[in-house]
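Dear colleague,

I am passing on the structure that we spoke about, and below it you will find notes on what turned up when I went through it. Please read them with the model open beside you.

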Amino acid sequence: MMRGVLSVPGNLLGAAMRIVRPASILLVPVPEAATALRAWRGTSVHPGGVPAHVTVMYPFLPAHTIDGLVEAELARITASVPPFSFRLTEVGRFPGVLYLRPVPAEPFGELVDLVMRHWPAYQPYGGQYPEFIPHVTMAEDETAHQDPERLKPLLPIACQARQVSLMTESVRGWHTRNCFPLCGTA
């Protein structure tokens, strides 16, 4: 019996898990990085429909648990944070990932801390890494090993953080459920 379950192809198993327990993500969209993404991979979005972004919290709450109270709390949190400017200044690497580094990084860490104060059971990337490093992913897996030099002429990229988006996952990919403006005063 167990052998049959384990032999299910990974993509089919992943689709089944999204039906059973769809995920959600909080992110800061970075539309200014669209040109760099297009130059790198020929599209301005990641596979699955996620735009260029800096992750605030993934995984976030299971999609079926998100209700008006959760969204009201997210609106309250983001209303306390002023919009901020940042620049994508250099190319970095994690194992299997090529990314652009935002400077300053601190406002992203502050957003993460605000979310974690309200939902302490959730850690960036499930607590898999000892440190939160804000970044805009440009390539993963086999494309991450391509020469990053062709990105350098596009840098620095001036950006503005204006909102946090809540996206939920389904068998058809990721979809924006709601956007919460950053509207605090500095």
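Accessible areas here come from the Shrake-Rupley method with a 1.4 Å probe, and for residues only the protein chains shown count as cover. On that basis the accessible surface of the protein comes to about 10200 Å², of which 58% belongs to carbon and sulfur atoms. Please keep in mind that this is a predicted model, in which local features need pLDDT of at least 70 and side-chain atom pairs count only at pLDDT 80 or more, while totals for chains, interfaces and linings use all residues. Residues are numbered from 1 along each chain as its sequence is written, and side-chain values use heavy atoms, with hydrogens and water left out.

As to the overall fold, the protein has five helices and eight strands, where helices (H or I, at least four residues) and strands (E, at least two) are DSSP runs numbered from the N terminus. Their order from the N terminus on is α-α-β-α-β-α-β-β-α-β-β-β-β. Of the 186 residues, 42% count as buried, a term that stands for under 20% relative accessible area, with exposed meaning over 50% and partly exposed in between (1.4 Å probe, protein chains only).

Strand S7 (residues 163-170) is mostly covered, since six of its eight residues are buried. S7 runs antiparallel to S1, to which four bridges join it, and antiparallel also to S8, in this case through eight bridges; two strands are taken to pair if DSSP finds at least two bridges between them. Serine 165 of S7 stands opposite leucine 27 and also opposite cysteine 179 in S8. S7 and S8 form a hairpin with two residues between them.

The largest nonpolar core has 42 residues, of which Leu26, Phe60, Leu88, Leu100 and Val136 touch the most other members. Such a core is a set of buried Ala, Val, Leu, Ile, Met, Phe, Trp, Tyr and Cys residues joined through side-chain atoms within 4.5 Å. Apart from this core lies another, of six residues, including Ala23, Leu27, Val50 and Met167. If neighbours within four places in sequence are left aside, leucine 26 is in contact (heavy atoms within 4.5 Å) with residues including Thr55, Phe60, Leu74, Val115 and Ser165.

In helix H3 (residues 34-41), Ala34, Ala36, Leu37 and Trp40 are buried. These residues cover an arc of only 160 degrees around the axis, and therefore lie on the same side of H3; the arc is that of the directions from the helix axis to the C-beta atoms. Among the elements that cover the buried residues of H3 are strand S4 (97-103), strand S5 (136-140) and strand S6 (157-161).

Finally, rings of Phe, Tyr and Trp (its six-membered ring) are said to pair if their centres lie within 6.5 Å, with planes under 30 degrees apart counted as stacked, over 60 as edge-to-face and the rest as tilted. By this rule there are eight aromatic pairs. One of them is edge-to-face and joins tyrosine 58 to tryptophan 174, at 6.1 Å centre to centre and 70 degrees between the planes; these two residues are 116 residues apart. Tyrosine 58 is partly exposed, with a relative accessible area of 30%, whereas tryptophan 174, at 14%, counts as buried.

With best regards
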